[in-house]
Amino acid sequence: MTLLLGSADLTGLVSRAEVIGAVRAALVDLAEGRAEQPAPVAFPGTGTTQFLPMAATSHRLGLSAVKVMSDAPDNRAAGLPTQRSTVLLLDARTGECLAVLNGEVGTRTRTAAASAVATDALARPDARVLGLVGAGRLAIEHVHALREVRALDTVHVWSRSPATVRAFRDAVGDLVDVVEAPDARGVVEAADIVCTLTPARLPVVHGEWFRPGQHINAVGAPPRPDHREIDAAGMARASVVVDSTPTQLLKSGEAVLSIAEGATTAETFTRALGAVLAGSAPGRSDAQEVTLFNSVGIALQDLAYAALAVERARTAGIGLNTLTAYGTSGLHLAAGAGAAR
């Protein structure tokens, strides 16, 4: 039986605290050899669209996952999502497809959860002011996730779209004081913790703006080596921690371009967050250090989320169960006992 889960099924299915815990455990597994995370290889679609198959295995959970992400920047002009994804959760021993998940909710949730894990490990304990460059749904999710690990009281936010900022304020204004910044620099100069959440190709944040003691989560740029949100000076100035070194050196514009410009080296991107969590790599060294989590997103995070979601959905009877049969007439999918929602 394969369980099908759409966005409506997945919304609110697992708590943010649960996802943060699962992502933290998965990253430690990766650092300690209990998980496999190869670097993904992209292939072109039509026009500027690019597809990125991402795969991972958790030996501890006995699960594998394959996520196919599409990055279609031309969709923006048509008012369509620029990124779409689907996740297959597999039995790592038998190869059985256990579930197929729409990737929208899980990607947003696990991405913010990874930022929360990094913030908890690297930001100063007294950090209370959050800065967001970008104000969309991922920014809203980051407010919720980071409030799980720090007592945030104020958020400085900037977006090129006033309407997006208004929607952001409506979504989180009852949780924190929201201050609209005049520009990206205003966000960085006001915040203890900064998250960059834009699909930028050219840097929107510059290292000269960083303040001693800050923590930065560089999150938004798509996994393309010619896109980045942070300039080379910023990558050189900060102590960089990554989700996966092989993926960073292949897909992160922050890494690839800063190395090409001579500001950093490949060695800059070898400190993995999982190793910091496991205690085998250093975290923050003092209150004045600038730390930066460079996040490209990895399939192991999707696997961690999917494992939680599928377990919860099966318990609650959520989603559509399908019976897959291979016969002389080909592939047949029949509705099973699960209820569609």
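How are helix 3 and helix 4 oriented to each other, oblique or roughly perpendicular? In this predicted model, the two helices pack at an angle of about 45°, and their axes lie 9 Å apart. Helix 3 and helix 4 are therefore oblique to each other. A pair of packed helices is described by the angle between the axes and the distance between them. On the side of helix 3, the contact is formed by Glu 104, Arg 108, Thr 109, Thr 111, Ala 112, Ala 113, Ser 115, Ala 116 and Thr 119. Helix 4 answers with Arg 137, Leu 138, Glu 141, His 142, Ala 145 and Leu 146. Sorted by class, this contact holds six nonpolar, five polar and four charged residues.

Helix 3 also packs against helix 2, which covers residues 16-31. Here the angle is about 70° and the axes are 8 Å apart, which makes helix 2 roughly perpendicular to helix 3. This crossing, too, is right-handed. Helix 2 brings Val 19, Ile 20, Val 23, Arg 24 and Leu 27 to the contact, while helix 3 brings Thr 109, Arg 110, Ala 113, Ala 114, Ala 116, Val 117 and Asp 120. Eight of these residues are nonpolar, one is polar and three are charged.

A further partner of helix 2 is helix 11, made of residues 299-316. Their axes come within 9 Å and cross at roughly 135°, so helix 2 and helix 11 are oblique to each other. The crossing of this pair is right-handed. From helix 2, the residues in contact are Glu 18, Val 19, Ala 22, Val 23, Ala 26, Leu 27 and Leu 30; from helix 11, they are Leu 300, Gln 301, Ala 304, Tyr 305, Leu 308 and Arg 312. By class, there are 10 nonpolar residues, one polar residue and two charged residues in this contact.

The largest pocket has a volume of about 1,500 Å³. Its lining is made up of 49 residues, and those nearest the centre are Thr 82, Gln 83, Leu 138, Leu 197 and Pro 199. At least two lining residues each come from strand 4 (50-58), strand 5 (63-71), strand 6 (83-91), helix 3 (103-122), helix 4 (137-146) and helix 8 (245-251). Helix 3 gives the largest share, with six residues. The lining as a whole has 18 nonpolar, 20 polar and 11 charged residues.

Methods:
Residues are numbered from 1 along each chain as its sequence is written. This is a predicted model: local features need pLDDT of at least 70, side-chain atom pairs count only at pLDDT 80 or more; totals for chains, interfaces and linings use all residues. Side-chain values use heavy atoms; hydrogens and water are left out. On a 1 Å grid over the protein atoms alone, a cavity is a set of points where a 1.4 Å probe fits but cannot get out, and a pocket is an open set with protein on both sides within 12 Å along at least five of seven lines; lining residues have an atom within 4 Å of a point. Grid points are joined across faces, edges and corners, and a volume is the space filled by probe spheres set on the points. Helices (H or I, at least four residues) and strands (E, at least two) are DSSP runs, numbered from the N terminus. Ala, Val, Leu, Ile, Met, Phe, Trp, Tyr, Cys and Pro count as nonpolar, Asp, Glu, Lys and Arg as charged, and the others, Gly among them, as polar. Axes are lines fitted to C-alpha atoms, for helices over the stretch in contact, and angles run from 0 to 180 degrees between N-to-C directions. Angles under 35 degrees count as roughly parallel, over 145 as roughly antiparallel, 65 to 115 as roughly perpendicular and the rest as oblique. A crossing is left-handed if the near helix is turned anticlockwise from the far one by less than a right angle, and right-handed if clockwise. Contact means heavy atoms within 4.5 Å.
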